[in-house]
Amino acid sequence: MEGSLSSFAMPAGDLSHVPFRVYTDAELYAREQERIFRGPTWNFLALECEIPNVGDYKTTYVGDAPVIVVRGEDGRVNAMVNRCAHKGALICYKRAGNVREFNCVYHNWTYDLSGKLTGVAFRRGVAGKGGLAADFDQESRGLERLRVDTYRGLVFGTFSDATPPFLDYTGSELAANIDRVFIKPLRVVGYHCQALPNNWKLYAENNRDSYHASLLHVFHNTFGVVRTSMGGGVKISANGWHHLSFTQREAVADRDAGREKVRSLKEQYRLADPSMMEHKLELGDQVTNAIQTVFPSLVVQQILNALAVRQIQPKGVDRTELVWTILGFADDDAEMAELRLKVNNLVGPAGLISMEDGCVGGFVQRAAKADPTATVVMPMGGRGITGSEGSRVTEAAVRGFWKGWRECMGFS
């Protein structure tokens, strides 16, 4: 603990400064669970293709809360807190499976696929003795449910009745990129799970930080996935919470980048197998890199033909798990399936790009402890949350994240 939140304040009227304390304070972390993850936000839960059949389930998290996502008897997707209404034990402790009903291993309380409590062991006692209290209300003792919304095969959940429908939450301009990427039925290629030694917000920032892409990542510049001279830009939702950064190939010389001391432009690298950089234009455009965020914890990724969703799962004030669900389309032929596997060497815990993002958050986390009253400064691209056309050298989307964080947390 670093002191009561009564002494905490964000810089008034300035989104470009953030105290280092936001990454290290346990009280702030606890408040995030209440105000953000249990607040008026849509949190990614699963993909519909992961639970195609009645009784198929997946376990996940919304903030610290364990959650079950299941295909119900009526074909709809249900989401419930993975916690028995009796003693609070986990109901499901496997990552995924198929069930007719949910049974708690502790005392065998039973729930249907909608979370309704359907059975209590020894409800009437044994040999006429014991049993439930006469006033026990079974109808009110089901699993805690989340509201669910789906979009283009993505499943979202919220604890709040105040959360608007998903399309209103993201805005149509940013939802259009989900339409663009998920143009056909999806299939799961595989999963990565990455442990990050830092606060969850540092990775949330990283995905919105288009400024670093061609500076930190040698691979981006060397092999033409992202260069500062390429077309594209940054789109930000009207409220600042969500963003899209994208790059597309254009015949423009690297004029400005060549003047900078950029490590990734000066060092020369070659691939033993350049076929992994083949880009089949399957989405109707020449976008090489599109990173989209949905506040607070979802990233939608298209890097060449590597499609994925990334879910940020906080695991404490200085620890995060990042779950990558690697995707393809249901109608991929063998050649495309092989290409996706090759290109996915760019991402994940040891990815040729992602491994660097996995390190820098830890660097910040360690240094943040030096003086929590000092502030991060983010002046690149101004001090507002306006997107930019043709340029990604901006921190506007990071400032937008902090605008959303402030509004949810109640800090003006």
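Let's start with Asn 199 and what it touches: leaving out residues up to four places away in sequence, its contacts (heavy atoms within 4.5 Å) are Val 22, Tyr 23, Val 317, Asp 318, Arg 319, Thr 320 and Gln 365. Before I go on, this is a predicted model, where local features need pLDDT of at least 70, side-chain atom pairs count only at pLDDT 80 or more, and totals for chains, interfaces and linings use all residues. Residues are numbered from 1 along each chain as its sequence is written, and side-chain values use heavy atoms, with hydrogens and water left out.

So where does Asn 199 lie? You'll find Asn 199 in the loop between β12 (186-196) and α4 (200-208); helices (H or I, at least four residues) and strands (E, at least two) are DSSP runs, numbered from the N terminus. Is Asn 199 buried or exposed? Asn 199 is buried, at 1% relative accessible area. Buried means under 20%, exposed over 50%, and partly exposed in between, using a 1.4 Å probe and protein chains only. A polar atom of the Asn 199 side chain lies 2.8 Å from the backbone oxygen of Val 317.

Now let's step back. The protein has 10 helices and 20 strands, and 53% of its 412 residues count as buried.

Next, the core. In soluble globular proteins, nonpolar side chains tend to be buried together. A nonpolar core here is a set of buried Ala, Val, Leu, Ile, Met, Phe, Trp, Tyr and Cys residues joined through side-chain atoms within 4.5 Å. The largest one has 80 residues, and Val 22, Phe 182, Val 309, Leu 346, Trp 402 and Trp 405 touch the most other members. Helix α10 (residues 396-409) gives this core its largest share, 6 residues. Apart from it lies another core of 16 residues, including Cys 84 and Phe 102.

Finally, charges. How many salt bridges does the structure hold? There are 16, each a side-chain nitrogen of Lys or Arg within 4 Å of a carboxyl oxygen of Asp or Glu. In one of them, the side chains of Asp 285 and Arg 180 meet at 2.6 Å, N to O. That pair links distant parts of the chain, 105 residues apart: Asp 285 is in the loop between α7 (263-266) and β15 (287-294), while Arg 180 is in helix α3. Asp 285 counts as partly exposed at 21% relative accessibility, whereas Arg 180 is buried at 17%. And one last thing to look for: Arg 38, Arg 83 and Glu 144 are linked in a network of salt bridges.

How values were computed: Polar contact = N/O pair within 3.5 Å; in protein donor to acceptor, adjacent residues only side chain to side chain.
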